[in-house]
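Reader: Hey, I've just opened this one and I'm new to it. Can you walk me through it?

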Amino acid sequence: MNGERIRVRLPEDAAHLLEELRAHKGEVLSLLRRREESPEMPPGVRLVRWEPKSGPVILTHYAVVTDVSRFISMTLLELRAGLTGKRTWC
């Protein structure tokens, strides 16, 4: 995409779609602009849809802990690892 111009390579057997693309140029430009605004994904990850909400956004997390001693131990291990810059997989 270059401003209001769209460059596309179509296989010969898809050339008939060119007029359809021209007819929906505004929608295609809008889609391409939104795609440019989305964050870059890590290798192996494909973003299916990008529709961020406007702030403020409230996040709520609920968890049920059945083994309290283990939860405390694992949380402290994660805290130590975070403070030392190490990653843990618990």
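Reader: Let's start with Arg-7: is it buried or exposed?
Author: Arg-7 is exposed, with a relative accessible area of 74%. Keep in mind that this is a predicted model.

Reader: Okay, and where is the place of Arg-7 in the chain?
Author: Arg-7 sits in the segment before α1, the helix that covers 18-23.

Reader: Which residues form the positive surface patch?
Author: That patch is made by Arg-5, Arg-7, Arg-9 and Lys-25.

Reader: How many positive and negative side chains does the protein chain have?
Author: There are 15 positive and 12 negative ones, and the centres of the two sets lie 7 Å apart.

Reader: Switching topic: how many helices and strands are there?
Author: The protein chain has three helices and zero strands. From the N terminus on, the order is α-α-α.

Reader: So is the chain spread out or compact?
Author: Its radius of gyration is 24 Å, well over the 12 Å that the globule rule gives for 90 residues, so the chain is more spread out than a compact globule. Along the principal axes, the C-alpha atoms fill a box of roughly 65 × 30 × 25 Å.

Reader: What share of the residues counts as buried?
Author: Of the 90 residues, 7% count as buried. The chain exposes about 9200 Å², with carbon and sulfur atoms supplying 55% of that.

Reader: One last thing: which residues does the cis peptide bond join?
Author: Gly-55 and Pro-56, with omega at about 0°. Most peptide bonds are trans. Pro-56 is found in the loop between α2 (25-37) and α3 (68-84).

Methods:
Residues numbered from 1 in each chain as written. Predicted model: local features only at pLDDT ≥ 70, side-chain atom pairs only at ≥ 80, totals over all residues. Heavy atoms only, no water. Patch = residues over 30% accessible without salt bridge, like charges linked within 9 Å, V, L, I, M, F, W, Y side chains within 5 Å. Areas by Shrake-Rupley, 256 points an atom, 1.4 Å probe, with all protein chains shown as cover. Salt bridge = Lys/Arg side-chain N within 4 Å of Asp/Glu carboxyl O. Lys, Arg positive; Asp, Glu negative; His and termini not counted. Charge placed at Lys NZ, Arg CZ, Asp CG, Glu CD. Helix = DSSP H or I, 4+ residues; strand = E, 2+ residues; numbered from the N terminus. Buried < 20%, exposed > 50% of the residue type's maximum accessible area, 1.4 Å probe, protein only. Rg over C-alpha atoms; globule rule 2.2 N^0.38 Å.
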